[in-house]
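Visitor: I would like to learn how to read a model like this one. Could you walk me through it, feature by feature?

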Amino acid sequence: MRDYRRKKFARVSVLLGVMLVAIVSAYFIFLSTGRPPLDVSDVTGVWWAEGKDRVSSVSIRDDGTAVFDNAPPVCPPRDGEYYSGPASWDFYTVPDESPGILFRFPGMSDECRLSFSLVGQEEAFFTEDPNSIGYLRD
């Protein structure tokens, strides 16, 4: 009877130890990757912002396309000209920023791109925008 209790205690101890190691490992993996990955539903919709001199919006579609209206300048040098027109997007995270997406623009060089970082679920900003205005999702 005593042997049975020892074996049972040993099995339960090993099982609890394995579970603890798994939980701690998952936690450290989560910390090392930063934040959980984004889903399409996290970014799609109409995002808008009011700046000092303009109202801007970007409509992000779930098919990887977007439409800009008065967005920050897209091509270097960013000379203050706002952009309105189509774009494509992919998930992308700028180092030291929140997860987000990267916009590319048809017919423009690869330098013509904008990073859109999400802050929570309903707020975002363009990392290249010198005015650094926040966008809210409708």
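Visitor: Let me begin with a strand pairing: which residue in β4 is the bridge partner of F68?

Guide: The partner of F68 in β4 is G85. Two strands pair if DSSP finds at least two bridges between them, and here β3 and β4 are joined by five bridges and run antiparallel. Before we go on, please note that this is a predicted model, where local features need pLDDT of at least 70, side-chain atom pairs count only at pLDDT 80 or more, and totals for chains, interfaces and linings use all residues. Residues are numbered from 1 along each chain as its sequence is written, and side-chain values use heavy atoms, with hydrogens and water left out.

Visitor: How many helices and strands does the protein have, and what pattern do they follow along the sequence?

Guide: Helices (H or I, at least four residues) and strands (E, at least two) are DSSP runs, numbered from the N terminus. This protein has two helices and eight strands. Along the sequence the pattern is α-α-β-β-β-β-β-β-β-β.

Visitor: Which other strands pair with β5 and β6?

Guide: Follow the bridges along the chain. Five antiparallel bridges pair β4 with β5, where F91 has I101 as its partner. Next, β5 and β6 run antiparallel with five bridges, and F103 stands opposite L114. Then β6 and β7, also antiparallel, are joined by four bridges, with S117 opposite F125.

Visitor: What happens at the hairpin of β6 and β7?

Guide: There are three residues between these two strands, and G120 in this hairpin takes a positive phi near 75°.

Visitor: How much of β6 is buried?

Guide: Buried means under 20% relative accessible area, exposed means over 50%, and partly exposed is in between (1.4 Å probe, protein chains only). By that scale β6 is mostly covered, with five of its seven residues buried. S115 lies in β6 and is buried, with a relative accessible area of 4%. Its contacts (heavy atoms within 4.5 Å) beyond four places away in sequence are Y92, V94, I101, L102, F125, F126, T127 and E128. For the protein as a whole, 28% of the 138 residues count as buried.

Visitor: How is a pair of aromatic rings described?

Guide: Such a pair is described by the distance of the centres and the angle of the planes. Rings of Phe, Tyr and Trp (its six-membered ring) pair if their centres lie within 6.5 Å; planes under 30 degrees apart count as stacked, over 60 as edge-to-face and the rest as tilted. This structure holds twelve aromatic pairs. One of them joins F103 and F126, which are tilted at 6.0 Å centre to centre with 50° between the planes. That pair links distant parts of the chain, with F103 in β5 (residues 100–104) and F126 in β7 (residues 123–126), 23 residues apart. Both F103 and F126 are buried.

Visitor: Why does the pair of F116 and Y135 count as edge-to-face?

Guide: The ring centres of F116 and Y135 are 5.8 Å apart and their planes stand at 75°, so the pair is edge-to-face. F116 belongs to β6 (residues 113–119) and Y135 to β8 (residues 135–137), so the pair ties together parts 19 residues apart in sequence. F116 and Y135 are both buried. Stepping back, ring pairs link W47, F68, Y83, F103, F105, F116, F126 and Y135 into a cluster.

Visitor: Which side chains meet in a salt bridge?

Guide: A salt bridge is a side-chain nitrogen of Lys or Arg within 4 Å of a carboxyl oxygen of Asp or Glu. The structure holds one, between E122 and R137 at 3.4 Å, N to O. E122 sits in the loop between β6 and β7 and R137 in β8, 15 residues apart. E122 is partly exposed, at 40% relative accessible area, whereas R137 is buried at 16%.

Visitor: And T65, which residues does it touch?

Guide: T65 is in β3 (residues 65–71) and counts as partly exposed, at 25% relative accessibility. Leaving out residues up to four places away in sequence, T65 touches S59, I60, A87, S88 and W89. T65 and W89 are 24 residues apart in sequence and 6.0 Å apart in space, C-alpha to C-alpha.
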